[in-house]
Each structure stands twice: as C-alpha cells, then as structure tokens.
Amino acid sequence: RQAAVATYLEGFWQSLRHGPTKLTHKQCVALAGEVYRQWVHAFEDQPGSSALWNRMLEANEAAQRGDLGPAAKLMIRPPLGVHEVLEGRFGLIVDVVLGQHGLIVDDESRGNLLVQTGKAMHDVGTTVNRYSEGDYSPDTVGERFPVFQQRPEPRKPESASVTITGLLDGWWREATLSGTSESTRDSYARSIRYFREFL
C-alpha cells in the first residue's frame, strides 16, 4: 500500500512542479469512463430501487441544463451558470478521479471533464436502473469509453556528465520549494566535500 501511495504522491508533486496538465478530449472521456465503471461496479449487486435512479437521472439532466432544481432554493447564492451547476453536482467526483491519477488540470480541461462526467453519470443511472429492474444483460454502454493513457513527458536530452555537486544543486532547487532549511543544505554540502576529499 505504501508503494501505491508513494506513486500517487510523486505524480501529484510532479503535477505541481510542471503546472496544470491540459487533457485532450479523449482523456476526459476516458476518465469519465473510469467514473462510470467504478459507480456501476459499486451498485451492481445491490442497485436499489428504480425510483431512486429515475430521480438521479432527472437531477443529472437538470444539472446539464444548468438547473439544480429544488436544491437551488436551499442555497444562499444560487449558481450563476451551467459550469457552476456541474461543479456543484459532479465536482467531488471529478476530484476523486483526478486524485487517483495525481493530476492537476487546467480550467478548460476541468470544464470538459465535468461535462463528460455528467454524461457518464447519466449512463450510470441508465445502467444501474436496468439492474434494479432485473436486466443484467451485457453492458454495451461502458464499451464507448477508451482506456485512459497519460501522455509521457517529453524526454530531456541526457547531459554528457553529472557531478555530485551538480546533483546537490539540482536537489536544492527543488528542496527550496518544500521549505528545506539552509542548514540542511550546508550539512549535505559538507558531507559531499568530505566524500570528494576521501575519493
């Protein structure tokens, strides 16, 4: 489990270092597909009542039109537009799927992902509603989603040689972002100096 968490955190820190990622349309649809598969799997064995899923379908359709329905009356300041309504309804779901990949995305990508997640959640309602009525025929809806693939970062040309003090300087540039103290750097530099003298 520690390895999985370490991998997730490394991806998260890398996203912070490189700035927000811009997702392609296909990547947004693929991430929405992960939402679809997770939700369908969660409710496959115990889908609940058909009435519940019909209400969910109505609420999702309203959100895609920019309407929160009766829930808007409970808010101090109702949402201003479709994007805010989608954020309110699907924002946490989007946060979870992005977190699973350690992704921080730009506003345009998030907006597209919210739209695609809304469509995927509509498909969830349709599929699980079918289960609730006893129809467990093969799921053809889920086949429309591609598999998510992160584009690899462009490879930097390898330098001809790397010195141990060069490694220290590179580490220090990143360490200053996390608040590492100057005394730590001095301690490391002293150890490297002793090591070089020893060699």
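This note goes through a predicted model of one protein chain, from the overall fold to individual side-chain pairs.

1. Overall fold. The protein chain holds seven helices and zero strands. Read along the sequence, its pattern is α-α-α-α-α-α-α. Of the contacts in the chain with a separation of 6 or more, 73% are made by residues 24 or more positions apart.

2. Burial and surface. The protein chain has 199 residues, and buried residues make up 29% of them. The accessible surface of the chain comes to about 13,200 Å², with 57% of that area belonging to carbon and sulfur atoms.

3. Helices α3 and α4. Two packed helices are described by the angle between their axes and the distance between the axes. Helix α3 covers residues 50–64 and helix α4 residues 82–100; their axes come within 8 Å and cross at roughly 145°. On the α3 side the contact is made by Met56, Ala59, Asn60, Ala63 and Gln64, and on the α4 side by Val82, Val85, Leu86, Arg89 and Phe90. By type, the residues of this contact divide into seven nonpolar, two polar and one charged.

4. Salt bridges: Lys22 and Glu108. A search of the whole structure finds eight salt bridges. One of them joins the side chains of lysine 22 and glutamate 108, at 2.8 Å from N to O. This pair links distant parts of the chain, with lysine 22 in the loop between α1 (2–18) and α2 (25–43) and glutamate 108 in helix α5 (residues 107–132), 86 residues apart. Lysine 22 counts as partly exposed because its relative accessibility is 42%, whereas glutamate 108, with a relative accessible area of 58%, is exposed.

5. Salt bridges: Arg110 and Asp95. The side chains of arginine 110 and aspartate 95 also meet in a salt bridge, at 2.9 Å from N to O. Arginine 110 lies in helix α5 and aspartate 95 in helix α4, so the pair ties together parts that are 15 residues apart in sequence. Is arginine 110 buried or exposed? Buried means under 20% relative accessible area, and arginine 110 has 16%, so it is buried. Aspartate 95, at 38%, is partly exposed.

6. Salt bridges: Asp169 and Arg185. Aspartate 169 forms a salt bridge with arginine 185, and the closest N and O atoms are 3.7 Å apart. Here too the pair links distant parts of the chain: aspartate 169 belongs to helix α6 (residues 164–175) and arginine 185 to helix α7 (residues 182–198), 16 residues apart. Aspartate 169 has a relative accessible area of 35% and is partly exposed; arginine 185 also counts as partly exposed, at 24% relative accessibility. Elsewhere, salt bridges that share partners join Lys22, Asp106 and Glu108 into one network.

7. Aromatic rings. The search of the whole structure finds six aromatic pairs. Among them is the pair of tyrosine 131 and tyrosine 136, which is stacked, with 4.6 Å centre to centre and 5° between the planes. How much of each tyrosine is accessible? Tyrosine 131 is buried, with a relative accessible area of 7%, whereas tyrosine 136 is partly exposed, with 43%. Trp39, Phe43 and Trp53 form one aromatic cluster.

How values were computed: Residues numbered from 1 in each chain as written. Predicted model: local features only at pLDDT ≥ 70, side-chain atom pairs only at ≥ 80, totals over all residues. Heavy atoms only, no water. Axes fitted to C-alpha atoms, helices over the stretch in contact; angles between N-to-C directions. Helix = DSSP H or I, 4+ residues; strand = E, 2+ residues; numbered from the N terminus. Contact = heavy atoms within 4.5 Å. Nonpolar A, V, L, I, M, F, W, Y, C, P; charged D, E, K, R; others polar. Salt bridge = Lys/Arg side-chain N within 4 Å of Asp/Glu carboxyl O. Buried < 20%, exposed > 50% of the residue type's maximum accessible area, 1.4 Å probe, protein only. Areas by Shrake-Rupley, 256 points an atom, 1.4 Å probe, with all protein chains shown as cover. Phe/Tyr/Trp six-rings, centres within 6.5 Å; stacked < 30°, edge-to-face > 60°.
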